[in-house]
Each structure stands twice: as structure tokens, then as C-alpha cells.
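Visitor: I would like to learn how to read a helix and a sheet from coordinates. Could you walk me through an example?

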Amino acid sequence: MRTAQFPKGDWGKVDKVILKEVKNTLNLPTEASNNYVYGQRKLGCCGLPIATKDFDLISEDSDLCKEWATEGRFCFLFVIRLRTSRTTNLLRKKNQGKAIEVSSLAPASSHFLTDGAYTRFADWRFIHRARLNLVTLNGARPWVKDNDQRCRRCGYRQETLSHVLNHCSRYSHAWQLRHNSIVDRLVAALGRRGEILSCNQAVASSDLRPDIVFKKGSDIFLIDVTCPFENRKSAFAQARATKIAKYEPQILSFFWMIWVRYSLALLNIHVQNLNNI
């Protein structure tokens, strides 16, 4: 590229061939947004370089390089800005940007893109389609006329990704396994940092059963795992608010119990002092 032995048009042909093969590797259909392939990796996309853009940046005849010749990090910053812009455009898409918006909140959500850790081939073939809401389901094809959108397993009126992952009763056992696996990993991690008081047990006089009651120092944490569908950030905020409202009376009862025990302890100390006198 630096010697400009091939014109920009040839690099454009290279981009098209690579893009097609990458989509095949990710098990993505042709209608999948290219922004997922070219977007910022830390924001949930693949971060594939674009040959034509790199040609513009490192070519000796590039106007950009001439204008910014004194900026040593210009090329790097420009690529980051370009990838971030593509990710933003992907998040704005009504259909394909829903789930990826939540995945973009934490780089840990995309750890498997580089090393494939904890990812089976079946997971790999599913995860990229699911992130873009492109799994071939009956309810995911609204443009098909007279299409039967009912769920093939339970008969629900619309077979969407959110229904399959979070609402279809035929997969209730899979929900439980998913939930329990998360709880088990939290227990293993928290056990080295404090004391696990209970797991899936009723506390105090309430019927509520938090997944984990964890104690670290003088602080007690009620941890209850939930797995909402990744329908924008608002879905996660709503799930969090629901859990807080559910356990708020329990937290208040803990405060009451601690205050009563503290008052009784002070009373016992006072009685002992009187006896000593």
C-alpha cells in the first residue's frame, strides 16, 4: 500500500472478498450489517480493518497524511474514530442494534472474538446471528407475507428471539441451567473474597429466596441473578429496578433486626453495669 503498486479500486475488491468470507466464518447472512464486521472491537464488534481506508491513510499521496504529517498517532486515532462511528451507526438500527447495544457496554462481553475461550462451535454459529437478531425464526421475518409466525415448540403467536431465549415454556429447564451456572460462578468468585452465608434460602421471616447472601467485613449483600433479554439498555435497567423493588422490604427488615440486636446488646451491657454496682 505504501508504494501504491495497486490502485484503490483493487483494494476495494479485496475488501469485498474478505467481507464475504468473514461473514461466512461468523455464520452471518448477507443482510447482516457490515458495521458489525468493521466496528470497534471493544464495543462488541469484530474490528476488521478496511483495506481502502488503510490505503488512504498510509499512501504517500494521501491528502490526510500530508495534512497531519506532524501527528504521529493520527492514523491510529483515525481508525479508532472510524470504527467507533460504524459501531454507533449499528446501534441506531432498529432491529440489528438492539442486542448489541447491551453487549457494547463491557469489553468482557466480546472476549471470545479474539481467543474463542469458553466458546463451542455451536455457540459461535449462534452468537453472532443472535447479537444482530438474525436467527432464522418464524417471527423474525415480518416482510414475508402470510408467514406463520407461531412458535414451533409451544405454539405461541410469535416466535421471536426473546421468546425462544426467555419465554418459551419448552425451554424452562435450559433457563434454570443458565441461571444456576451464573450463580455457581459467582459463588466460586465471591468465596475467595468473603463469606457465603446462604444460597437459595429464605432469610429472616420473609419468603424471598435470594440466590446468594454474601458477607464481606461488616457488609451483607443480597444477590439475586436475573437474565433479561438484551432488548436495549432499558431492559437491563428495568430488570434491576424490579429486583430492587422486590428486595427493598427485606433490606429494611435487616436494618430493623440489626437495630434491635444493637439495642439489646446495649441493654445487656447496662444491666451488667447495674449488677456490678
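Guide: Let us begin with exposure: a residue is buried under 20% relative accessible area, exposed over 50%, and partly exposed in between, using a 1.4 Å probe and protein chains only. This is a predicted model, where local features need pLDDT of at least 70, side-chain atom pairs count only at pLDDT 80 or more, and totals for chains, interfaces and linings use all residues. Residues are numbered from 1 along each chain as its sequence is written, and side-chain values use heavy atoms, leaving out hydrogens and water.

Visitor: Which residues of H1 are buried, and which are exposed?

Guide: Helices (H or I, at least four residues) and strands (E, at least two) are DSSP runs, numbered from the N terminus. In H1, the buried residues are Trp 11, Gly 12, Asp 15, Leu 19, Val 22 and Lys 23. Viewed down the axis of H1, they fall within an arc of 105 degrees (taken from the directions from the helix axis to the C-beta atoms), so they line one face of the helix. On the other side, Lys 13, Lys 16, Val 17, Lys 20 and Thr 25 are exposed.

Visitor: What comes just after H1?

Guide: Asn 27, which takes a positive phi of about 60 degrees.

Visitor: In what order do the strands of the sheet lie?

Guide: Two strands pair if DSSP finds at least two bridges between them. Here three strands form an open, antiparallel sheet in the order E1-E2-E3. Its edge strands, E1 (195-199) and E3 (219-223), each pair on one side only. Four bridges join E1 to E2 (residues 212-216), and Cys 199 stands opposite Ile 212 in E2.
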